Amino acid sequence: MIVEKCALGVIQNRGQTTVDPDVVSFGPNESDYLARHVSKVRGTVDVGARSVFQHAANTPSLLETLRTTSSDGHYAATAKTLQDALAKTMKTSTNAKDCVLAAVRAKDADGGDSHVTILKLDAVVEAARMKRLRNSGVTFEVLRGLLPEPGRLQKALSWPDPRPSSALVVLDTNFAMAQYFEIAYQVQVSPRAVEAEEQLVRTISQRVDARSIPRVIASAGTLEGPLDTVLTELSKTYPELDGAAAEITSDGRPAGIIRRNKVTARPVIWKAPGLELRISPEVAATVNKVRTQVGTWRLTVETAEEPHTLGLE
């Protein structure tokens, strides 16, 4: 990863106090620090969620400016616009922590176009440091020892996304409880890939006859892409799935990514009070569910080998 330019700013007191971003100089150590953060964010594309911008969002044009401008002043002013947007939404959140905002333009070591990453680096900046920041701007020297390692990174975005089905990479370890980062940058984030794959197996098992589940899941294993696209493709062969794609995107979030060959390893699950039965897709057809005359349900499973208990987990 080759770091080309970086602007640093500070947000404190849930957005009440800020220091405007400025383009900073950096040596090999600082460049390595930034490169490892950017690599961590962009390295989540294989397992993370896909993200899209909301309709009429202005964030893409701001990120494009960061990617293309040669002016340090223009770069810093654009980073300030992005920092101000984050500070505004942080005021509405009780979970927002003090942070250093880093707007990093970088390029992969093997070439290609530049990309832009916005890092929210949680850091408590005490009063003495804050005074220096106000007088001399944000520099790595002033912040030395305060910034977190890449493994502790909480929130970030990187644009553009190398995946064709996603506009940008978003890293957020607390999306369910604190969405101010996504709101600030007008982003909608899908469920993670593992959640989307669970949803696909669940949708198939609920809509398809048990005898057909192994065949349908085997077909799903050959596909990849957004969940709604995968369901639409499957419905061409299995009409029982017609309409499922619209249902799974009814909450407004984009559908999560399905990875090739992953769903075939996920179990089909039957649940009832006090009961959870997990069956590999290839033997799901052996499950028989019938209603008895006394109004209860009987679930039976056929297996070639004698089953045995593993005890408590």
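**Notebook: helices, sheet and rings**

I began with helix α3 (residues 72–90), which lies across β1, β2, β4 and β5. I noted that α3 runs at about 155° to β2. A reminder to myself: this is a predicted model.

**Entry: the sheet**

Next I looked up the sheet that these strands belong to. In what order do the six strands stand in the open sheet? I read the order as β2-β1-β4-β5-β6-β7, with antiparallel pairing. At the edges I found β2 (17–23) and β7 (169–172). Each edge strand has a single partner, so one side of each is left without a neighbour in the sheet. I also wrote down the twist, which averages 15° from one strand to the next.

Then I turned to helix α1 (residues 28–42), which packs on the sheet. Helix α1 touches β1 (2–12), β4 (99–107), β5, β6 and β7. Its direction makes about 100° with that of β5.

**Entry: a hairpin**

My next stop was β13 (residues 287–291) and β14 (residues 297–301), an antiparallel pair with five bridges. Here I saw Asn-288 standing opposite Thr-300 in β14. The hairpin of β13 and β14 has five residues between the strands. Within this hairpin, I marked Gly-295 for its positive phi near 90°.

**Entry: charges over rings**

I stayed with this part of the chain to look at Lys-289 and found its charged end over the ring of Trp-297, 5.5 Å from the ring centre. I also looked up Lys-155, which lies over the face of Tyr-180 at 4.9 Å from the ring centre.

**Entry: rings with rings**

Last, I went looking for aromatic pairs. I jotted down that a pair of aromatic rings is described by the distance of the centres and the angle of the planes. My search gave a count of one aromatic pair. Why is the pair of Phe-181 and Tyr-185 edge-to-face? The ring centres of Phe-181 and Tyr-185 are 5.2 Å apart and the planes stand at 80°, so the pair is edge-to-face; the cut-off for that label is over 60 degrees.

Are these two residues buried or exposed? Phe-181 is buried, with a relative accessible area of 1%. Tyr-185 also counts as buried, at 1% relative accessibility. I kept the cut-off beside these values: buried means under 20%.

Notes:
Residues numbered from 1 in each chain as written. Predicted model: local features only at pLDDT ≥ 70, side-chain atom pairs only at ≥ 80, totals over all residues. Heavy atoms only, no water. Phe/Tyr/Trp six-rings, centres within 6.5 Å; stacked < 30°, edge-to-face > 60°. Buried < 20%, exposed > 50% of the residue type's maximum accessible area, 1.4 Å probe, protein only. Lys NZ or Arg CZ within 6 Å of the ring centre and 35° of its normal. Pairing = 2+ DSSP bridges. Helix = DSSP H or I, 4+ residues; strand = E, 2+ residues; numbered from the N terminus. Axes fitted to C-alpha atoms, helices over the stretch in contact; angles between N-to-C directions. Contact = heavy atoms within 4.5 Å.
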